[in-house]
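Subject: Structure handover and findings

Hello,

Here is the structure to look through. My notes on it follow below.

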Amino acid sequence: VLEAAREAGVVTLMHCEDGAMLGAALRHLRASGRTSLRHYAESRPEIAEVVATQEAVGLCELTRAPMHLVHLSSARALEVARNPHTAQLPLTIETRPLYLYFTEQWLRGEEGPLYIGQPPLRSAADVDAMWSGIAGGRIDLLATDHAPWTRDQKMDPELDVGRLRPGVSDLRFM
């Protein structure tokens, strides 16, 4: 099956966040009463992205099947995916404008829910790493991953870290 997929040019798309780690983070936040969207970044820790990226790269190495990593947001995940060992793998990487212009600080503001994507926004160092990745050819694609939520839908006060509307329909600087 893998050989047929390779010959047909099939590419596996991988969103790299480890589900078990995300579940544990969400349970921890709920247990401590921190469920507002201000805690969104904590519900999807960077290590969950790093571990899932390691698994995806390992699967690509094992199978040699073409793989495309979507929505990469952190410097650590980029290092896992693009190092000398992975240079010969049929692996491509994408990031989003969201991860080029905004840091986790935006999630803590009044309009924080508007900037909720998966993975969440990261640090300024991660933003710099994404720019460097594009400039250096380590990131292959920039995609918007448009999500057509209205402002009212994203700002719904009933939403919390376990029930949210991910994706950003537009970007604007305040």
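A salt bridge here is a side-chain nitrogen of Lys or Arg within 4 Å of a carboxyl oxygen of Asp or Glu. The pair links distant parts of the chain, 40 residues apart: glutamate 111 sits in the loop between helix H6 (98-101) and H7, and arginine 151 in helix H8 (residues 151-154). Helices (H or I, at least four residues) and strands (E, at least two) are DSSP runs, numbered from the N terminus. Glutamate 111 is buried, because its relative accessible area is 12%. Arginine 151 is at 41%, so it counts as partly exposed. The cut-offs are under 20% relative accessible area for buried, over 50% for exposed, and partly exposed in between (1.4 Å probe, protein chains only).

Before you read on, note how this was made. This is a predicted model, in which local features need pLDDT of at least 70 and side-chain atom pairs count only at pLDDT 80 or more, while totals for chains, interfaces and linings use all residues. Residues are numbered from 1 along each chain as its sequence is written, and side-chain values use heavy atoms, with hydrogens and water left out.

**Other salt bridges**

How many salt bridges does a search of the whole structure find? The count is eight. One of them joins arginine 44 to glutamate 17, with the closest N and O atoms 2.8 Å apart. Arginine 44 is in the loop between helix H3 (40-43) and helix H4 (46-63), and glutamate 17 is in the loop between strand S1 (12-15) and helix H2 (19-31), so this pair ties together parts that are 27 residues apart in sequence. Arginine 44 counts as buried because its relative accessibility is 15%. Glutamate 17, at 9%, also counts as buried.

Arginine 34 and glutamate 42 form a salt bridge too, at 2.5 Å from N to O. Arginine 34 has 26% relative accessibility, so it counts as partly exposed. Glutamate 42 is partly exposed as well, with a relative accessible area of 38%.

**Cysteines**

A disulfide is a pair of cysteine sulfur atoms within 2.5 Å. By this rule there are zero disulfides. Cysteine 16 is in none, and the nearest cysteine sulfur, in cysteine 60, is 11 Å away. Cysteine 16 is buried, with a relative accessible area of 4%. Cysteine 60 is buried at 0% relative accessibility.

**Strands**

Look at strand S2 (residues 67-70) next. Both of its faces are covered. Met67 and Leu69 are buried on one side, and His68 and Val70 are buried on the other. In a regular strand the side chains alternate between the two faces of the sheet.

S1 and S2 pair in the parallel sense over four bridges. Two strands pair if DSSP finds at least two bridges between them. Leucine 13 stands opposite histidine 68 in S2. S2 also runs parallel to strand S3 (residues 91-95), joined to S3 by three bridges. There, histidine 68 stands opposite threonine 92 in S3.

S2, helix H5 (residues 75-81) and S3 make a right-handed β-α-β unit. Right-handed means that, with the strands pointing away from the viewer, the path from the first strand over the helix to the second runs clockwise.

**Surface patch**

Which residues make the nonpolar surface patch of about 370 Å²? They are Tyr101, Trp131, Ile134 and Leu142. Patches are made of residues with over 30% relative accessible area and no salt bridge, with like charges joined within 9 Å and nonpolar side chains (Val, Leu, Ile, Met, Phe, Trp, Tyr) within 5 Å. Accessible areas come from the Shrake-Rupley method with a 1.4 Å probe, and for residues only the protein chains shown count as cover. Tryptophan 131 is found in helix H7 (residues 124-135). Its relative accessibility is 36%, so tryptophan 131 counts as partly exposed.

**Two more residues**

Tyrosine 99 is in helix H6. Tyrosine 99 is buried, with a relative accessible area of 2%. Its C-alpha atom is 7.9 Å from that of aspartate 126, 27 residues apart along the chain.

Glycine 33 lies in the loop between H2 and H3. Glycine 33 is exposed, at 56% relative accessible area.

Best wishes
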